[in-house]
Amino acid sequence: MFIPGWALCLSLSWAVGAEAPKREPLTAVMGAMVMEVELLAGQLKDAKEHAFSGVPFITGTLAGRKVVLACSGSGKVHAAMTTTLLLDHFKPAEVLFTGVAGAINPALDRGDIVVAEKIAQHDFGDLTTQGFEPKGPGRAPNGRRPPLFIASPKPLLELAGKAGKGLTFEKVPTATGEHVPAIHHGVIVTGDVFVSSPAKKAELRKQFNADAVEMEGGAVAQICWHQQVPCLVIRSMSDKADASAALDFVSFAEVAAQNSAKLTMAILELLAKPPAPPPKPQ
Ligand code: SAH
């Protein structure tokens with residue numbers, strides 16, 4: 001019997017089912033670049049190295065929580081590849097992504113942190129004579145269609161809020177003095193482009209109400225959405241995605257990576273704590 005490709009895809013989606021697989025009490029912590037991950041790798045206890053398809057992973061304990069650390073490499077394809085390998089081989093209960101980004105919200109400065117309430121891929125859509133219209137990624141092989149904005153799970157956002165309280169960050173020099181970095185919850189957009197353009201920055205603000213732009217988070221969130229694994233992207237600003245972005249990136253990526261790693265560690269500490277027992281009946 002002839003089954004057209006799309007029908008095969010949809011029938012496979014029923015065979016695969018939508019049930020979330022069993023997960024381990026382990027948090028995956030990812031970053032794009034070595035400099036973002038080595039800050040955490042240096043603090044790992046009982047570190048053990050692994051590799052799948054040539055991609056290295058390190059397991060161990062961080063802030064009392066069992067973790068698997070991975071460096072995704074730059075861009076959406078590397079991030080998707082690493083996330084898929086990681087979820088398939090380690091079955092983490094949740095994924096935290098830590099790293100640096102370009103600030104899109106004019107109120108943000110270098111060193112500030114954005115915790116993604118929701119995340120979208122800014123370079124996926126339709127390009128017509130009317131211009132570019134963003135669309136959520138197309139249909140997955142199982143027929144499901146991810147939304148344009150993937151929302152972060154509430155429990156992880158609440159944990160990030162709790163973890164951020166009382167954290168302090170080193171002052172960052174600015175043209176007029178110093179800036180004390182702060183934590184914001186907002187919109188992150190992802191695309192395969194390093195944004196160093198005031199025009200693109202204005203467009204991303206207008207189209208997505210974006211607070212920050214980076215190159216991996218949306219891909220990680222899409223894979224986690226597909227596999228029903230909670231995911232939270234945390235980014236600290238290395239630059240302002242403007243004409244000085246490339247220079248700023250060189251000067252501020254290190255301090256930004258440290259700020260993001262600090263909040264990530266605080267979240268891991270909370271994840272390590274056993275949940276409070278239910279109150280005793282009177
Ligand atoms: N040197 C790396 C590329 C770094 S690209 C390589 O060769 O692979 C910049 C990295 O920082 C990306 O991982 C991206 O997520 C983040 N980033 C920081 N500022 C950015 C900006 N203005 N636009 C897009 N991504 C940015």
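The shell around the ligand has eleven nonpolar, three polar and four charged residues, where Ala, Val, Leu, Ile, Met, Phe, Trp, Tyr, Cys and Pro count as nonpolar, Asp, Glu, Lys and Arg as charged, and the others, Gly among them, as polar. The model is predicted: local features need pLDDT of at least 70 and side-chain atom pairs pLDDT 80 or more, while totals for chains, interfaces and linings use all residues. Residues are numbered from 1 along each chain as its sequence is written, and side-chain values use heavy atoms, with hydrogens and water left out.

**Ligand shell and contacts**

- Around the ligand are 18 residues, of which S74, V195, M215, E216 and D239 come nearest; a residue is near if one of its heavy atoms lies within 4 Å.
- At least two shell residues come from each of β5 (92-103), β13 (212-214) and β14 (231-239); strands are DSSP runs of E, at least two residues long, numbered from the N terminus.
- Polar contacts are pairs of N or O atoms within 3.5 Å.
- A ligand nitrogen is 2.7 Å from a side-chain N or O atom of D239, and a ligand oxygen is 3.4 Å from a side-chain N or O atom of R235.
- On the backbone, a polar atom of G102 is 3.4 Å from a nitrogen of the ligand.
- The protein buries 75% of the 570 Å² that the ligand exposes when taken alone, by the Shrake-Rupley method with a 1.4 Å probe.

**Second largest pocket**

- The ligand takes up the space of the second largest pocket, with more than half of its atoms within 2 Å of the grid points as the criterion.
- A pocket is an open set of points on a 1 Å grid over the protein atoms alone, with protein on both sides within 12 Å along at least five of seven lines; lining residues have an atom within 4 Å of a point.
- The second largest pocket holds about 220 Å³, a volume being the space filled by probe spheres set on the points, which are joined across faces, edges and corners.
- Of its 18 lining residues, V100, F194, E214, M215 and F249 lie nearest the centre.
- The lining divides into ten nonpolar, three polar and five charged residues, and β5, β13 and β14 each supply at least two of the lining residues.

**Largest cavity**

- A cavity is a set of points where a 1.4 Å probe fits but cannot get out; the count is one cavity of 30 Å³ or more.
- The largest cavity has a volume of about 40 Å³ and is lined by I119, A120, Q121, P137, P147, L148, I150 and G218.
- Strand β6 (residues 113-121) gives the most to this lining, with three residues.

Terms used:
Helices (H or I, at least four residues) and strands (E, at least two) are DSSP runs, numbered from the N terminus. A polar contact is a pair of N or O atoms within 3.5 Å; within protein, one must be able to donate a hydrogen and the other to accept it, and residues adjacent in sequence count only if both atoms are side-chain atoms.
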